[in-house]
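Welcome! Please take a look at the sequence and the 3D view below, and then follow the notes on one helix and some aromatic rings.

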Amino acid sequence: MSLRIFKRRSPEASDQPIEVGIVSWIRELDDALRLAAESGKPVFALFQEVPGCAGCKQFGAEVLSDQAIVDAIEASFVPLLIHNNQPGRDAEVLAQFGEPAWNYQVVRFLDADGSDLIARRDRVWEAGPLAARMVAALEVADNEVPPYLRLLEQEFSDRLRTAHFAQGCFWVGEMELGQIEGVITTEAAFMAGHEITTVHYDPEVVSLTTLTADAKARGVADTVFVDRAGRSELRAAGMHASKIDSSSHRVAPSRDQKRQISGMRSARGLSAAQLTKVNAFARSAPAAAAKYLSPSQQVL
């Protein structure tokens, strides 16, 4: 049986509905399950209303057209599209999985037997939460998680914490701090008369004490500004930190942000976390920077 696949949508081609983004989809469940068995990849099964409401169109135009998400779907999964408001084979598959007709989009992650790898969840309509479920499915399948996909999941995680590091030059601060594993985003700013780099970090990857020690070793932590819990944590480790001075805090102008890649046209379209990592490594270790980009982004 030949595969029914939608080709990538472009300004010159209008055969793919906006509701399904620019992913190249397989349209037959049996084909998808066979490819999953052959490749060892999970099935990314999109149940989507086509034609759909404004929310469905937005999901396709934004989330399913985000290049990092698209690359991860096509490289790490078998992409399957089921229309949830059409008769015929689509309706049969809908009934098989107990999915309601005329519903908002739902993504399920299936193994080669058609069983859910992780529990079904409704109302996952943004790139960050979808990336988190993609990571979870790949982990359950014991498959490799692309670094750019894991970074996207971390960027939108609610577990991130914030710290502010003062140094002589925040151009250097963003570069040095962005290289630390567990630092997700950086921002150049001012506080209490200092140039500072504001850091959002993942405490499951790097603790505040380890982050601070590394920052000091790199010479970009003349003063550390953190919240009360952070000050207690550092005090217990024999480190000093200052109270955040919100009244004096202001973000540096855009010309001072991500200075190492300033003017790089190909940086457009990257997420804040990707910009942080590319800015950190682009000059000293381009290969390290590239791993945080999807395949299509690396071409650019």
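On one side of helix α9, Arg228, Arg235 and Ala236 are exposed (over 50% relative accessible area with a 1.4 Å probe, protein chains only; buried is under 20%, and partly exposed is in between). This is a predicted model, where local features need pLDDT of at least 70, side-chain atom pairs count only at pLDDT 80 or more, and totals for chains, interfaces and linings use all residues. Residues are numbered from 1 along each chain as its sequence is written, and side-chain values use heavy atoms, leaving out hydrogens and water.

**Helix α9**
- Gly230, Arg231 and Leu234 are buried in α9 (residues 228-236); helices (H or I, at least four residues) and strands (E, at least two) are DSSP runs, numbered from the N terminus.
- Just after α9, Gly238 has a positive phi of about 80 degrees.

**Aromatic rings**
- The structure has eight aromatic pairs (Phe, Tyr or Trp rings, using the six-membered ring of Trp, with centres within 6.5 Å; planes under 30 degrees apart are stacked, over 60 edge-to-face, the rest tilted).
- One of them is the edge-to-face pair of Phe44 and Phe77, at 6.0 Å centre to centre and 75 degrees between the planes.
- Phe44 lies in strand β1 and Phe77 in the loop between α3 and β2, so this pair ties together parts 33 residues apart in sequence.
- Both Phe44 and Phe77 are buried.
- Trp25, Phe44, Phe77 and Phe109 form one aromatic cluster.
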